There are 2 protein chains.
Amino acid sequence: VGELKLAFLGFGTVAQGCARHIVANEPRLEQEYGFRYKVVAISDPVKGSLLNLNEGIDLRRALQLLSERKTLEDMNGKTGLSSIETIAASQADVLIEATWTNLENGEPGLSHIIAALEAGMDVATSNKGPIALAFKKLRDLANSKGRQLRFESTVMSGTPLLNMREFCLAGAKISAVKGILNGTTNYILTEMARGKSYSEALRRAQELGYAEADPSGDVEAYDPAAKITILANALMDADLDFKQVKREGINRIEMKDVEKAIEDGKVLKLIASARRNEKSQVEASVKPILLPQTDMLAHVGGVMNALQISMDTQPDVTIVGPGAGGDSAGYGLLSDILTIHRLRLNEELVE
Amino acid sequence: VGELKLAFLGFGTVAQGCARHIVANEPRLEQEYGFRYKVVAISDPVKGSLLNLNEGIDLRRALQLLSERKTLEDMNGKTGLSSIETIAASQADVLIEATWTNLENGEPGLSHIIAALEAGMDVATSNKGPIALAFKKLRDLANSKGRQLRFESTVMSGTPLLNMREFCLAGAKISAVKGILNGTTNYILTEMARGKSYSEALRRAQELGYAEADPSGDVEAYDPAAKITILANALMDADLDFKQVKREGINRIEMKDVEKAIEDGKVLKLIASARRNEKSQVEASVKPILLPQTDMLAHVGGVMNALQISMDTQPDVTIVGPGAGGDSAGYGLLSDILTIHRLRLNEELVE
């Protein structure tokens, strides 16, 4: 079994996190999983575009150059290709799509994933946009091409969730999921419960890099709405449109709401949930909810995320873990790549 | 791809839980996973021994008969074979080993698993004894025969854990695990925190069927010691002997200990843990520990179990779920069977 040819589109925090895990664990990944790889292309609108089919791109050197504020184009290879040109020219086995999330129309990630699947590549993506907006279309395309589409890191970053459903909760029928899917708002609510005002907590979140300068994607709950859409469609076989999610953020929460919750012995959390209604349709919402202390989710603080999964075969299972960060989301990509590799190994034996 | 031939050894609560899940989901398992099966044998020291290679054994009818306090031997097929004779005669693809746990020498499960692997069968087991006492030997035998040995339900029953490590945390190096692995003692400690005495709480646990008449396996922590041995060896690649686990139960806990914990704002829990020491050896222990309220494990109450996993690639992941019960442990067996089936599908394509 030969080397897995990898192409990175988007080489920001998450893709670099993945690259760091790969280079840090190279001998172990080869020994334990038979994983050998060659990076044939990296394309990023800021960090440069590089293609090198023969020698491959040295990931260590690429990470080093970027840490020195140089660009990828300081390395050997063909430069200047657009992202779509890079996909076609790369002849990669796996496209790692880690460009920015766009919840309007999913671009440019959506076009990247379609082009890669059309070209017969497997895809691992951390990009919520295409999966939240076009999961069924992309899944059907992947199936029709006999290729894998994996997106573990789109929800709760590297915490096992989507692959877990496939490999560890097979056969179980999931009736509901409920959780804390946005670290920024959970951090703000946690700080408010400790006495900070909304605006103080938001400012602190921005200083720590948890919240963007424009925090609306988090505090108006677009981000967790995208994630619950992904979970409803991928875990519960729903056909939910992102815009159908009832969405209420935390931007109207006031100190008195948090104080009232504490007085009542409760905890205010931004809860994303999806459940099957009486007509067997899946309904989803994101909204602030008062949780009793007996609810495990009440004790998930700071930037941590959690999801409680209800199923027909056994009592609820709850998974708690990091919801963001280059290390964790980068690990989610690596987990997808290793799963793609494992299933390809069998495939290659067949051919 | 043909039917997967299943043989059940031990047909108590757990195996019947698995059988109920299979019959309840038959059409869906075939449609979604291509899973078709034939039960060729069931052997249980109390419920009878039955072999039927041609027609197979109707699981629905078997469950029905047992619910009417009849035995399996009231059905068509060859009766009276011993468990070892059943394995040889069954020519099964998968042995489902669900006999009782024996932490002295692992028997009879150990001999059953060895016989099945030697005969070229895959094995799914809920039996802690053989895995806690002889994991490396059994794993090496399975590898030498090219067969699968799965044991998801031995720890935290059907909550994803062991298969999760293999499929969803691949590539991550696990440095420590820490958790609540025994539901009975967690129930007793939870009740004591609500004001019951140790003996009252134990009696209630016995009434509810959580604790045995002789509760020493739980309250003296043999059960969680076996489980942490399994986790250390299977998740952390240790070579730990069950007898090396430092073990302290809850049988010496008094009301004043629990009251003192509450006064100090802490929670007393029986914590099983394994970590790599400076010499890179894995050390494991089970003992009562005072947890702060900020520890997620402090909020795992009643018969629930939880495990916190520390790894090199991302912050801790914690999984919380059922630790016992026929439904959940039975689902753990089904999850193993479906994984075995998925990987066999590829194998059959190769042949």
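1. Asp122(B) is buried, with a relative accessibility of 0% (buried is under 20% relative accessible area, exposed over 50%, partly exposed in between, with a 1.4 Å probe and protein chains only). The model is predicted: local features need pLDDT of at least 70 and side-chain atom pairs pLDDT 80 or more, whereas totals for chains, interfaces and linings use all residues. Residues are numbered from 1 along each chain as its sequence is written, chains are lettered from A and ligands numbered from 1 in the order in which they are written, and side-chain values use heavy atoms, without hydrogens and water.

2. The side chain of Asp122(B) forms a salt bridge with that of Arg344(B), at 2.6 Å from N to O (a side-chain nitrogen of Lys or Arg within 4 Å of a carboxyl oxygen of Asp or Glu). Asp122(B) belongs to strand 6 (residues 122-125) of chain B and Arg344(B) to helix 13 (residues 326-350) of chain B, so the bridge ties together parts 222 residues apart in sequence (helices, H or I of at least four residues, and strands, E of at least two, are DSSP runs numbered from the N terminus). Arg344(B) is likewise buried, at 11% relative accessibility.

3. In chain A, Asp93(A), Asp122(A), Arg147(A) and Arg344(A) are joined in a network of salt bridges. The count over all chains is 48 salt bridges.

4. Lys136(A) and Asp237(A) pair through their side chains at 4.0 Å, N to O. Because Lys136(A) lies in helix 6 (residues 128-145) and Asp237(A) in the loop between helix 11 (222-235) and strand 9 (246-247) of chain A, this pair links parts that are 101 residues apart in sequence. Lys136(A) is partly exposed at 23%, while Asp237(A) is exposed at 53%.

5. Glu207(B) and Arg204(B) form a salt bridge of 2.9 Å, N to O. Both residues lie in helix 9 (residues 198-207) of chain B, 3 residues apart, about one turn of the helix. Glu207(B) is exposed, at 56% relative accessible area, and Arg204(B) is partly exposed, at 34%.

6. In chain B, helix 1 (residues 13-24) packs on helix 3 (residues 59-67) at an angle of about 135 degrees, with the axes 10 Å apart. The residues in contact (heavy atoms within 4.5 Å) include Ala19(B) and Ile22(B) of helix 1 and Leu63(B) and Leu66(B) of helix 3.

Terms used
Axes fitted to C-alpha atoms, helices over the stretch in contact; angles between N-to-C directions.
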